[in-house]
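Thanks for coming. I will take a few minutes to walk through one structure for those who have not seen it before. Please have a look at the screen.

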Amino acid sequence: MARAHATHGSLTTYTIGFLLSLALTALSFGAVMAGAIPRDMMLPAITALAVAQLLVQLGFFLHLGTAPEQRNNTVIFVLTALLIATVVSGSLWVIHNANINMMPTQMSVESARAKN
């Protein structure tokens with residue numbers, strides 16, 4: 001009976017992934033605590049480091065990649081991320097429209113009462 005074997009990382013790849021994760025975490029922490037990055041660039045820098053750490057985690061620990069035996073998991077992950085992005089962006093759009101349409105800023109309390 002043929003069994004599909006999942007490819008797992010070696011001790012070397014896990015160690016590289018762990019060290020990269022530690023380095024990215026230290027860079028993020030150091031950037032904030034040392035003030036090495038200008039204040040207006042802090043959020044983009046932390047976001048870039050977070051995305052880099054996400055990619056390290058996905059590649060070294062979850063073994064997502066383009067190899068044939070990993071393709072199904074990668075497709076499922078990407079579709080899940082798209083579904084979450086759709087739900088979050090749709091929710092933010094609905095909340096924004098409700099805020100604009102339910103809370104008019106140009107209308108005073110007196111004129112709102114006069115319309116009733």
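A helix here is a DSSP run of H or I with at least four residues, and helices are numbered from the N terminus. With that in hand, the protein reads α-α-α-α along its sequence. The count is 4 helices and 0 strands. Please keep in mind that this is a predicted model.

Now to burial. The protein has 116 residues, and 12% of them count as buried.

Next, a pair of helices. Two packed helices are described by the angle between their axes and the distance between the axes. Take helix H1, residues 11–34, and helix H2, residues 42–61: their axes come within 10 Å and cross at roughly 170°. Angles over 145 degrees count as roughly antiparallel, so H1 is roughly antiparallel to H2. Sorted by class, the contact between H1 and H2 has 15 nonpolar residues, 7 polar ones and no charged ones.

Let us move on along the chain. Which residue has a positive phi although it is not a glycine? That is His63, with a phi of about 55°. His63 sits in the loop between H2 and H3. Is His63 buried or exposed? Its relative accessible area is 16%, and the cut-off for buried is under 20%, so His63 is buried.

Now the surface. Val75, Phe77, Val78, Leu79 and Leu82 make a nonpolar surface patch of about 440 Å². I will pick out two of these residues. Phe77 lies in helix H3, which covers residues 71–102. Its relative accessibility is 34%, so Phe77 counts as partly exposed. Val75 is also in helix H3, and at 44% relative accessibility Val75 counts as partly exposed too.

One distance to finish with Val75. How far apart are the C-alpha atoms of Val75 and Leu64? They are separated by 9.3 Å, and the two residues are 11 residues apart along the chain.

That is the end of my part.

Notes. Residues are numbered from 1 along each chain as its sequence is written. This is a predicted model: local features need pLDDT of at least 70, side-chain atom pairs count only at pLDDT 80 or more; totals for chains, interfaces and linings use all residues. Side-chain values use heavy atoms; hydrogens and water are left out. Axes are lines fitted to C-alpha atoms, for helices over the stretch in contact, and angles run from 0 to 180 degrees between N-to-C directions. Helices (H or I, at least four residues) and strands (E, at least two) are DSSP runs, numbered from the N terminus. Angles under 35 degrees count as roughly parallel, over 145 as roughly antiparallel, 65 to 115 as roughly perpendicular and the rest as oblique. Ala, Val, Leu, Ile, Met, Phe, Trp, Tyr, Cys and Pro count as nonpolar, Asp, Glu, Lys and Arg as charged, and the others, Gly among them, as polar. Patches are made of residues with over 30% relative accessible area and no salt bridge: like charges are joined within 9 Å, nonpolar side chains (Val, Leu, Ile, Met, Phe, Trp, Tyr) within 5 Å. Accessible areas come from the Shrake-Rupley method with a 1.4 Å probe; for residues, only the protein chains shown count as cover. A salt bridge is a side-chain nitrogen of Lys or Arg within 4 Å of a carboxyl oxygen of Asp or Glu. Buried means under 20% relative accessible area, exposed over 50%, partly exposed in between (1.4 Å probe, protein chains only).
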